[in-house]
Amino acid sequence: MSATATDQRVFNFSAGPAALPLSVLKEVQDEMLCLPGAGCSLLEMSHRNKIFIDILHDAENGIRSLLNISDDYAVLFLQGGAALQFSMIPANLAKDTGKKANYITTGTWGKKAVNEGKKECDFEVVYDAADSNYNHVPSADQYNISDDAAYLYYCSNETIHGVQFADEPTVPSSVPLISDASSDFLCRPLDISKYGLMYACAQKNAGPAGVTVAVMRKDLLERGSATLPGYMQYKNHAEADSEWNTPPTFAIYVLGKVARWLQQDIGGLAAMEKINREKSQLLYDAIDNNSGFYKGHAVTEARSLMNVTFNLPSDELLAKFVDEAGQHELSALKGHRSVGGIRASIYNAMPTEGAQALASFMNDFASKNG
Ligand SMILES: *Cc1c(COP(=O)(O)O)cnc(C)c1O
């Protein structure tokens with residue numbers, strides 16, 4: 001990257017596709033015209049080429065080692081974004097089983113999953129936080145999951161509302177737990193053995209758009225009916241090592257580099273969590289220290305490490321905030337239209353300096369305009 005291009009980079013608070021580590025972008029740039037030893041760009045190479053297969057396995061192993069994933073789980077690279085999972089999950093794991101799929105809805109993405117899931121199977125929403133405009137997550141005594149539910153589905157971090165589960169919901173041991181972790185995948189260590197399936201589109205916290213990672217307990221692979229469209233069957237992807245059809249080669253390649261960056265440069269997910277807690281605390285402190293001016297959306301216990309959402313006293317001040325932040329090289333802060341206000345997405349790749357710069361801008365702005 002030329003010095004000027006690097007210099008022009010701002011602190012990018014985009015919700016997704018989102019910031020990537022600069023070192024990863026530079027490596028991609030270095031290898032763009034010719035992948036070492038390949039004689040061509042990765043973009044020009046067969047997905048059956050041994051060099052690409054090694055890249056795919058590297059990416060898989062990177063995720064396996066970051067999350068400590070055992071051989072009881074398959075790691076799949078899929079397309080169709082998180083959105084296709086809204087249909088694949090119920091079609092494979094609930095349809096024609098005579099069991100009900102259970103859903104906890106704590107924001108827009110959970111609601112979309114419900115709308116798609118309803119088309120595929122019997123259904124029960126066991127908790128819906130809509131009445132509070134999705135500002136919290138339920139405690140275990142607020143919902144009931146029957147022992148013979150097909151699964152319990154929830155979204156661990158609602159990207160638009162900025163609401164995150166601190167811990168997994170409680171499920172009976174007979175019920176697989178399924179999580180949409182699109183916007184908090186790899187943000188902290190997790191015990192994967194609690195899950196039947198966890199999936200994440202890459203473009204929030206793990207890479208570029210185009211690939212979705214699914215970590216799935218192997219016994220669940222068998223549940224999908226062979227009458228489903230081939231692409232929709234998890235089993236096909238597992239048996240073909242994520243090459244049932246042409247996978248998104250470039251996205252998998254970048255994802256692998258992000259996994260290596262997390263392991264080698266950051267030091268793994270516990271170290272990443274510590275940094276994420278520091279970054280988010282800077283912003284939540286700026287909200288709380290100016291609480292007459294900023295109003296956080298999420299209740300304190302459900303505040304997200306990844307998406308910090310808050311509002312200002314008026315639409316005029318909101319517009320002014322976004323505008324002046326832009327002049328300070330703080331970009332993409334406008335909240336989603338359904339919630340309004342500001343959303344600062346501070347995924348893994350956002351450096352601490354970015355959160356510091358935004359927090360000090362917030363303090364300044366409040367004292368000048370409050
Ligand atoms: C962005 C997002 C989605 C949608 O992802 P697509 O890849 O656009 O389908 C789903 N769930 C969550 C939590 C998200 O943040």
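Trainee: How far apart do the C-alpha centres of domain 1 and domain 2 lie?
Mentor: This is a predicted model, in which local features need pLDDT of at least 70 and side-chain atom pairs count only at pLDDT 80 or more, while totals for chains, interfaces and linings use all residues. Residues are numbered from 1 along each chain as its sequence is written, and side-chain values use heavy atoms, with hydrogens and water left out. Domain 1 covers 26-265 and domain 2 covers 269-365, with bounds taken from an automatic or database domain assignment. The distance between their C-alpha centres is 27 Å.

Trainee: What area do domain 1 and domain 2 bury between them?
Mentor: In contact, meaning heavy atoms within 4.5 Å, are 26 residues of domain 1 and 22 residues of domain 2. Buried area is the accessible area (1.4 Å probe) that two parts lose on being put together, summed over both. Carbon and sulfur atoms hold 57% of it, and the area is about 2000 Å².

Trainee: Which residue has a side-chain N or O atom 2.4 Å from an oxygen atom of the ligand?
Mentor: The ligand is surrounded by 14 residues, and Ala83, Thr159, Asp180, Gln203 and Lys204 are the closest; a residue counts if one of its heavy atoms lies within 4 Å. Ala83 places a backbone N or O atom 2.8 Å from a ligand oxygen, and for the side chain of Gln203 the distance is 2.9 Å. The residue at 2.4 Å is Thr159.

Trainee: Which residue meets Asp58 in a salt bridge?
Mentor: The structure holds 16 salt bridges. In this one the N to O distance is 3.2 Å. The pair links distant parts of the chain, 202 residues apart, from helix H3 to helix H7, where helices are DSSP runs of H or I with at least four residues, and strands (E) have at least two, numbered from the N terminus. The partner of Asp58 is Arg260.

Trainee: Which residue does a cis peptide bond join to Gly16?
Mentor: The bond has an omega of about -10 degrees. The residue lies in the loop between strand E1 (11-12) and helix H2 (22-31). The name is Pro17.

Note on methods
Polar contact = N/O pair within 3.5 Å; in protein donor to acceptor, adjacent residues only side chain to side chain. Salt bridge = Lys/Arg side-chain N within 4 Å of Asp/Glu carboxyl O.
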